[in-house]
Amino acid sequence: MKHIVLTGGGTAGHVTPNIALIGRLKEQGYQISYIGSYNGIEKTLIEELGIPYYGISSGKLRRYFDLKNFTDPFRVLKGFSEARKVLKQLKPDVVFSKGGFVTVPVVVAAGRLKIPTIIHESDMTPGLANKLCIPSAVKVCCNFPETKAHLPEGKAVVTGTPIRQELLQGDAEKGRVFTGFTTEKPVLMIIGGSLGAQAVNDAVRRILPQLLEDFQVVHLCGKGKKDDTKDGLKGYVQYEYIESELADLFAMADIVISRAGANAICELQALKKPNLLIPLSANASRGDQILNARSFEKQGFSMVLEEEAITDNVLLKAVHDLYANRETYRQAMENAPGQDSISVICDLIASCQK
């Protein structure tokens, strides 16, 4: 039986594309194992699927000063030793990495053991973890054609991001039953990523009275980010995190406000949901979300509003403009060249294994 090791973690965005591949890999007869951090979000998500899970030590490599910079390199070295031991034990035919710092020791160890490794870069330009992994990889999957300019000749393959197929099978009526919404007003969905987005949450809550005049609002605000003073507002519901009902909420939504993480925007494109992207600011990140958002804006898939430009009136106008022009955005996404990312990546995995 063919054996594949999947790795990726730190945020849900580094795990859900791997989960999207699992069904197809099982159909193709693969034995699947997963290497992640001891206690990251990936551990819970993967163990729920019954996939054998191996935890290793993980450290973050930062570009800025932090006292942990003195201890984390030792965690990475320990993770390399642990990953090497697990890989020697499992003897996989191929490794697929979705990114996050936990993957660095796994990919480097696989390279040393001559195990073919494919990595996936979601953003326009490679992050630090993937930059460290690229020399050990045989192929690098990416979302954006522009990314190829930042990768070694012959390694880059534009594949798109694997989307969880169940997201495409939502039922709008079930979403309305779950939220208590009606068909009388359109639905605005706010989704800030697995950790939420405080600046987006605050901006939306400030204009809730005006929004609720014209929309029903479903707000995925992130763990610990609920505002209990807003509970019971007619036409507004908030959740820290949603799993099984997410597809139904997407099906019910007419328009979406989102951060611009690559996985999130690829899901919006696959679902053909008109969207307003508010990328994480360059002050709080390396600016990858801004590049992602501008690429989608250029292709006509999204409106973009940078965090620093948000005022109550600007945000309210943007939401109404998005709704008024929703069909234009939907058509642009409908007409984009489609890509069956799961098939493309699984074919690549089959062609690269030892």
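Author: Glu327 is partly exposed, with a relative accessible area of 43%, and here buried means under 20% relative accessible area, exposed means over 50%, and partly exposed lies in between (1.4 Å probe, protein chains only). This is a predicted model, in which local features need pLDDT of at least 70 and side-chain atom pairs count only at pLDDT 80 or more, while totals for chains, interfaces and linings use all residues. Residues are numbered from 1 along each chain as its sequence is written, and side-chain values use heavy atoms, with hydrogens and water left out.

The partner of Glu327 is Arg330: the two form a salt bridge, with their closest N and O atoms 2.4 Å apart. A salt bridge is counted when a side-chain nitrogen of Lys or Arg comes within 4 Å of a carboxyl oxygen of Asp or Glu. Side chains of opposite charge can pair when their charged atoms come close. Arg330 is partly exposed as well, since its relative accessible area is 22%. Glu327 and Arg330 both belong to helix α13 (residues 326-335), where they stand 3 residues apart, about one turn of the helix. Helices (H or I, at least four residues) and strands (E, at least two) are DSSP runs, numbered from the N terminus.

The structure holds 12 salt bridges, and another one of them joins the side chains of Lys317 and Asp321, at 2.7 Å from N to O. Lys317 and Asp321 both lie in helix α12 (residues 312-324), with a spacing of 4 residues, about one turn of the helix. Lys317 counts as exposed because its relative accessible area is 53%, whereas Asp321, at 27% relative accessibility, is partly exposed.

In helix α11 (residues 288-298) you can find Arg294 and Glu297, which are 3 residues apart, about one turn of the helix. Their side chains meet in a salt bridge of 2.8 Å, N to O. Arg294 is partly exposed at 34% relative accessibility, and Glu297 is partly exposed too, with a relative accessible area of 32%.

Arg84, Lys88, Lys91 and Arg112 gather in a patch of positive charge on the surface. Such a patch is made of residues with over 30% relative accessible area and no salt bridge, like charges being joined within 9 Å; Lys and Arg count as positive and Asp and Glu as negative, while His and the chain ends are not counted. The place of each charge is taken as NZ of Lys, CZ of Arg, CG of Asp or CD of Glu. The accessible areas come from the Shrake-Rupley method with a 1.4 Å probe, and for residues only the protein chains shown count as cover. Arg112 is itself exposed, with a relative accessible area of 56%, and it lies in helix α4 (residues 103-112).

From helix α4 you can follow the chain into the loop between α4 and β5, where Lys114 is found. Phi of Lys114 is near 60°, a positive value in a residue other than glycine, and Lys114 counts as exposed because its relative accessibility is 66%.

Strand β5 (residues 117-121), by contrast, is mostly covered, with 5 of its 5 residues buried. Thr117, Ile119 and Glu121 point one way from β5, and Ile118 and His120 point the other way. Strand β4 (residues 94-97) pairs with β5 in the parallel sense over 3 bridges, and two strands are said to pair if DSSP finds at least two bridges between them.

Conventions: Patches are made of residues with over 30% relative accessible area and no salt bridge: like charges are joined within 9 Å, nonpolar side chains (Val, Leu, Ile, Met, Phe, Trp, Tyr) within 5 Å.
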